[in-house]
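Subject: Structure handover

Dear colleague,

I am passing on the structure below, with a summary of what was found in it. Please read the notes alongside the coordinates.

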Amino acid sequence: MIARLNHYLQDIFYIALSLVITVFGAIGLYVILFHLLRSYFRRFERDIALVTLNVSAYPGLTLFVLLGLAMIAQNSNSLATVDWLQRLLLGCIILTISYWCLRLFKQVLIYYLKDYAETTEVMWDEVLLPLLEAIVPVMIILMSGALILQLCLGLNLTGAWVTLGGSAFIIGFAVKDILANFFSGIALLIDSPFRFGDVLRIESGSEGSSHLGILRKIGVRVTHIYMFELHTEVYIPNSVMQSHKITNLSRPIEPVFFSTPIEFNPQCNLEHAKKIMQEILLAHPDTVGNIESKLTCLKNYYGWENEFAQKKENGIQRLLAEYAVNNKLEEVEDALNAMMITLQFVEQGGLTQEEIDTVQTEYDDILKLMGLTVVKQKTRKQSFLNLQHIQPKFVIRETKDPDSLIHLVRKWYRIWLGDPNMADEDEYVLLEIWERKIELLKRRTRKLHQKILNPLQEETRLDDYVKELVRWLRDRFKQARSSWHEPEVRMERVVKDEGHTYIRFTLNYYVDDIRLEDGERGTRVNSDIHREIMHHLKDDCRGQA
């Protein structure tokens, strides 16, 4: 009897001591999570650590307490026999972990995946992420529910799993085409060879025909493409897309290449005709070429009174605005390249604080060229001792400098909107394209600023990050005009047709943005060019175009 009483008292003492240790452990964990770590994480530029802590603090604290109670119940002689208590604690632990996973998924993973998608210009932020937001929480809830039913309530779900597996196999076989489109869509979204607004040539392997269209959206099951020749949106199953040969005409450059033949009487002055056609191609406001040469040629051609006067005036203003953008962009790139050389020199052996300040000052000057500035905000943070301390926070904002890159880009595309050939929806197309690029520029400059401010272990890679920004400016923000973009006229061959002989020329040129005018911009430009050629050469070279 006395031995049993001693054993009972020891068990009571163990439970009490364990509860005290659990309570003090919970208090210590509370101080660490809600004060020490929170105060430390607030010093970071990126808020992912702080957000993750806020999401995890209460679930983590609750899980710690539940695990402590479960260990007490399991190791206690008197409580170990209470089966319902063991099951209740296990169920609470499963629910807490499920709740924790749901909050981490929704408030951390999805949020930063969306942020990453906007930074990298991928397409899955509008389709794949909403799909994950809908499916993953349901899967977490179903799995936690199944674990509670099986482990806590003792239900045998083996038969249910077998039935579910057999049903899934039957359903999967019945909807195999839908599943094929689904997984093809996932593959296209994750490893997409094209982006929204790209001009695609789709060639059918069976028919041997090809069609031009603009990519509108990659869905989970179908891809939406606006077809030029049909003037309608076509929905192509994703599994069918994989069987087609797709050429992305917007890569590596956004202007789209055109090649069209034109024939002349061999008795005309062929060299003179070639020179005139070369200038006419270059003079059109919507073709790509050296801007200074285009402005010179444009004054001598396309003088169609009222019909082309507004177009010509807008073209001149647009080319002048683009010329200013190109010069400013070149100035920014030169400054970034100079900063890259500075980094390569000072980053050997690590950066001192003085060197970081020097690089930061140089980068601030580059930001001013872009139309951005770093603003230091002082925010009051509360420490775990309830003491107020000042912590600086750096924010990159736009300036009002009219000579900055961002301001010049906005001025350029707003002049472009005055083009009389623009369709109504082109206003939204240009606005969306360039404002998105400006926002991406801000994100990338902010990211580089954070790395310069807090290089940590990446101080020897800062020059690589600067090089990456330069490459993005050239390839994604606004592509520079190269010599191989210049319009070209080639004398191809002699053509004989019904007893007549002609000299065939080929006109090769790029149209600035074929996405405009409902995809008809290239056709309209081609018509303008042929009309101007006939206007200048109809008396000298009578042939057929």
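The secondary structure of the chain amounts to 15 helices and 10 strands, where helices (H or I, at least four residues) and strands (E, at least two) are DSSP runs numbered from the N terminus. Please bear in mind that this is a predicted model, in which local features need pLDDT of at least 70 and side-chain atom pairs count only at pLDDT 80 or more, while totals for chains, interfaces and linings use all residues. Residues are numbered from 1 along each chain as its sequence is written, and side-chain values use heavy atoms, with hydrogens and water left out.

Of the 545 residues of the chain, 42% are buried, meaning under 20% relative accessible area with a 1.4 Å probe, protein chains only. Among contacts (heavy atoms within 4.5 Å) between residues at least 6 apart in sequence, 67% join residues at least 24 apart.

The unreviewed UniProt entry places the feature "transmembrane region" at residues 12–36, 48–72, 84–105 and 126–149, although such annotations may be inferred rather than shown by experiment. In the model, residues 12–36 are 100% helix, with end C-alpha atoms 35 Å apart, and residues 84–105 are likewise 100% helix, with end C-alpha atoms 31 Å apart.

Elsewhere, His 272, Ala 273, Ile 276, Met 277, Ile 280 and Leu 281 in helix H8 meet Ile 529, Glu 532, Ile 533, His 536 and Leu 537 in helix H15.

Best regards

Technical notes:
Buried < 20%, exposed > 50% of the residue type's maximum accessible area, 1.4 Å probe, protein only.
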